[in-house]
Amino acid sequence: MSTTRSTVDELLSRIVAGEDPDRIAEVYAERVDWQVDWPDATHPDVPWIRPRATRADVADHHRTLAASTVSGRGSATVTDILVDGAHAVVIGETSQTVRRTGKRFRTRFALHLTVEDGLITRHHVYEDSLAVAEACRD
């Protein structure tokens with residue numbers, strides 16, 4: 001099994017297990033090229049969408065996402081994982097219920113990861129940002 005695939009599998013297993021955000025972040029390099037498919041790097045209604053660049057920022061992302069959504073009312077399905085050398089693309093669908101509004105969103109996603117020396121150095125996610133923003137809006 002390639003290092004890329006095993007690193008991606010480890011990331012996904014930690015997320016699915018609901019592990020501590022710092023433990024999830026351990027599979028990332030100290031510096032991360034983090035990008036979310038939004039018109040700008042932040043959104044006033046979506047607290048987990050903001051610029052990230054470090055392993056500590058990755059942990060904060062998972063902490064903020066967990067605090068902003070209703071535990072046990074989300075789901076994620078991965079339909080494909082494509083690996084080519086250091087690059088992996090995870091394709092799937094996720095849904096969450098936003099704690100503040102009680103609204104639910106569902107979005108398909110593609111997550112482009114790059115793995116170097118067994119750690120994730122790039123995390124670019126593409127999703128239906130409008131569906132997420134609408135669920136977070138009062």
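## Overall dimensions

For a chain of 138 residues, a compact globule would have a radius of gyration near 14 Å, and the chain agrees with this because its own value is 14 Å. The radius is taken over C-alpha atoms, and the globule rule is 2.2 Å times the number of residues to the power 0.38. The C-alpha trace spans about 45 × 30 × 30 Å along its principal axes.

The structure is a predicted model, in which local features need pLDDT of at least 70, side-chain atom pairs count only at pLDDT 80 or more, and totals for chains, interfaces and linings use all residues. Residues are numbered from 1 along each chain as its sequence is written, and side-chain values use heavy atoms, with hydrogens and water left out.

## Secondary structure and contacts

The chain holds four helices and five strands, arranged along the sequence as α-α-β-α-β-β-β-β-α. These elements are DSSP runs numbered from the N terminus: helices are H or I with at least four residues, and strands are E with at least two.

Contacts are defined by heavy atoms within 4.5 Å. Among the contacts with a separation of 6 or more, 53% join residues 24 or more positions apart.

## Surface, burial and charge

Of the 138 residues, 42% count as buried. Here buried means under 20% relative accessible area, exposed means over 50%, and partly exposed lies in between (1.4 Å probe, protein chains only). The chain exposes about 7300 Å², of which carbon and sulfur atoms supply 51%; accessible areas come from the Shrake-Rupley method with a 1.4 Å probe.

There are 17 positive and 22 negative side chains, and the centres of the two sets lie 6 Å apart. Lys and Arg count as positive and Asp and Glu as negative, while His and the chain ends are not counted. Each charge is placed at NZ of Lys, CZ of Arg, CG of Asp or CD of Glu.

## Helix α4 and strand β5

Helix α4 covers residues 129-136, and six of its eight residues are buried, so the helix is largely enclosed by the rest of the structure. The buried residues of α4 are Ser129, Ala131, Val132, Ala133, Ala135 and Cys136. They pack against β4 (104-116) and β5 (119-127).

Glutamate 127 lies in strand β5 and is buried, with a relative accessible area of 17%. Its C-alpha atom is separated by 8.7 Å from that of leucine 111, a residue 16 positions away along the chain.

Threonine 107 belongs to strand β4. With a relative accessible area of 2%, threonine 107 is buried. Leaving aside residues up to four places away in sequence, threonine 107 touches Gly92, Glu93, Thr94, Glu127, Asp128 and Val132; Val132 is among the buried residues of α4.

Aspartate 117 occupies the loop between β4 and β5. This residue is exposed, at a relative accessible area of 83%. Most residues other than glycine have a negative phi. Aspartate 117, although not a glycine, has a positive phi of about 55°.

Valine 89 sits in strand β3 (residues 87-97) and is partly exposed, with a relative accessible area of 26%. Apart from residues up to four places away in sequence, valine 89 touches Asp80, Ile81, Leu82, Ala110, Leu111 and His112. Valine 89 and valine 8 are 81 residues apart in sequence, yet their C-alpha atoms are 9.3 Å apart in space.

Threonine 64 is part of helix α3 (residues 55-68). At 18% relative accessibility, threonine 64 counts as buried. Not counting residues up to four places away in sequence, threonine 64 touches Pro47 and Trp48.

## Aromatic pairs

Rings of Phe, Tyr and Trp (its six-membered ring) pair if their centres lie within 6.5 Å; planes under 30 degrees apart count as stacked, over 60 as edge-to-face and the rest as tilted. By this rule, there are two aromatic pairs. In the pair of tyrosine 28 and tryptophan 34, the ring centres are 6.3 Å apart and the planes stand at 45°, so the pair is tilted. Tyrosine 28 is buried, at 0% relative accessibility, and tryptophan 34 is also buried, with a relative accessible area of 11%.
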